[in-house]
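Please open the model in the viewer and keep the selection tool at hand.

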Amino acid sequence: MEKRRIAILGSTGSIGRQTLDVIREHPDLFEVELLTCNSSFVTIAAQAREFDANNVVICDETRYKVLSDALGDTDTKVFAGMKSVCDLVTSDRVDIVVASMVGFSGLAPTIAALKAGKVIALANKETLVAAGSIVMGLSRKYNAPILPVDSEHSAIFQCLLAAQGNKVSKIHLTASGGPFRTWDKEKIAVATKDMALKHPNWSMGSKITIDSATMMNKGFEVIEARWLFNTPVDKIHVVVHPESVIHSMVEFEDGAVIAQMASPDMREPIQFAIGFPERLPLGNKKLDFAALGTLSFFEPDLDKFPALGLAFKAIEKGGNIPCALNAANESAVAAYLKDKIPFYGISNVVRECMERIHFIAEPTIDDIFETNKQARSMADEIIVSMGKKA
Ligand code: MG
């Protein structure tokens with residue numbers, strides 16, 4: 001494989017750091033062209049130095065000087081602000097863009113990279129939740145392939161390599177069930193953020209860990225799968241699989257099911273996306289089936305995890321509603337992490353925003369940005385009134 005030049009958007013986050021772990025194991029295959037972060041200047045300075053990055057961008061412009069000083073003795077060029085991210089991803093020197101920013105903020109740079117025809121390794125599922133139809137349209141128009149990094153979607157992508165043109169009858173999207181899978185509803189209702197942040201299988205950033213506890217993450221993944229694999233939602237089934245060994249499955253019309261398995265470690269799907277179609281040797285834990293013993297499967301409980309049902313409702317309604325779902329969820333999760341609302345406050349805020357937002361059946365990209373803004377301020381109002389009641 002020819003050396004690939006990589007841009008990592010959100011390099012100081014969990015996916016960004018694990019992408020650099022993969023690159024560290026294969027310095028002959030990858031070159032770091034661009035690293036970006038929101039504000040973690042100490043971490044990104046160390047990354048830029050270790051990987052000899054050509055460019056870094058810090059989105060928080062107030063941190064520009066301190067980062068620039070920290071890298072003053074290196075060849076790395078330092079930039080600040082989101083506009084610089086959107087400009088630099090389009091450079092001829094970038095082959096693959098790892099889109100691993102958190103939340104809606106990942107949409108604008110991903111659109112810029114798509115329009116420049118880059119290969120996108122997509123970890124930022126909110127991009128497809130908020131603007132799936134537009135993003136997939138750009139991917140086709142500019143011949144910019146999107147390779148999934150999300151473990152379930154990487155699994156489906158890997159299973160689909162066995163399709164050989166045959167029709168898929170069902171996608172089985174596996175879910176760990178999160179930390180509250182076996183709790184009753186009364187106990188979940190008063191769960192603190194520290195309890196919600198303890199994911200049983202995966203080590204991830206705080207936003208996605210809360211989304212896993214509410215199962216909104218799985219709802220987002222249904223929407224993500226709908227767009228990535230152009231599959232109707234009624235063919236996507238969520239199955240709870242607490243061991244997180246099977247990362248998802250694809251069923252064909254003859255009843256055959258192809259599953260993808262690996263230890264729960266994000267470096268596996270990351271290497272498959274940035275190394276595709278090659279599989280790179282990886283120092284991850286390999287599966288020991290006898291030690292595993294049993295794999296178990298359950299129906300998801302929509303009464304205990306209403307966020308999952310809301311996500312299904314949002315994609316069935318379509319238009320700008322999934323964008324509102326995502327925006328309200330981002331505001332609500334931030335409020336929960338600041339102890340402003342209780343656990344089920346998250347899904348209540350999202351439900352109310354979905355009902356109140358002005359429906360647009362075929363949103364333009366401007367409509368998406370406007371819906372995002374409106375749903376956030378609507379969510380913030382609801383959160384304030386909720387806080388007063390509590
Ligand atoms: Mg996932």
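Begin with the interface between domain 2 and domain 3, where the area buried is about 1500 Å², of which carbon and sulfur atoms give 73%. Buried area here is the accessible area (1.4 Å probe) that two parts lose on being put together, summed over both. This is a predicted model, in which local features need pLDDT of at least 70 and side-chain atom pairs count only at pLDDT 80 or more, while totals for chains, interfaces and linings use all residues. Residues are numbered from 1 along each chain as its sequence is written, and side-chain values use heavy atoms, with hydrogens and water left out.

**The domains**

Colour residues 4-148 as domain 1, 151-307 as domain 2 and 318-390 as domain 3; these bounds come from an automatic or database domain assignment. The centres of domain 2 and domain 3, taken over C-alpha atoms, are separated by 25 Å. Across their interface, 21 residues of domain 2 are in contact with 16 residues of domain 3, contact meaning heavy atoms within 4.5 Å.

**Between domain 2 and domain 3**

Next, select K193 and D339, whose side chains meet in a salt bridge (3.3 Å, N to O). A salt bridge is a side-chain nitrogen of Lys or Arg within 4 Å of a carboxyl oxygen of Asp or Glu. The rule finds 1 salt bridge across this interface. The count of residue pairs in polar contact between the two domains is 7 (both at pLDDT 80 or more). A polar contact is a pair of N or O atoms within 3.5 Å; within protein, one must be able to donate a hydrogen and the other to accept it, and residues adjacent in sequence count only if both atoms are side-chain atoms.

Now display the helices α8 (185-189), α9 (193-196), α10 (206-214), α11 (216-228) and α14 (306-317), each of which supplies at least two residues of the side of domain 2 that touches domain 3. Helices (H or I, at least four residues) and strands (E, at least two) are DSSP runs, numbered from the N terminus. Which helix gives the largest share of that side? It is α10, with 6 residues.

Move to S11, in the loop between β1 (4-9) and α1 (14-25). Is S11 buried or exposed? S11 is buried, with a relative accessible area of 0%; buried means under 20% relative accessible area, exposed over 50%, and partly exposed in between (1.4 Å probe, protein chains only).

**Salt bridges elsewhere**

By the rule given above, the count comes to 24 salt bridges. Select E25 and R267, which meet at 3.9 Å, N to O. E25 lies in helix α1 and R267 in helix α12 (residues 267-275), so the pair ties together parts that are 242 residues apart in sequence. E25 is partly exposed at 33% relative accessibility, whereas R267 is buried at 18%.

Then select R93 and E31, with their closest N and O atoms 3.4 Å apart in a salt bridge. R93 lies in the loop between α4 (82-88) and β5 (96-99) and E31 in strand β2 (residues 30-37), so this pair ties together parts 62 residues apart in sequence.

Finish with K125, D150, E152, K218 and E221, which are linked in a network of salt bridges.
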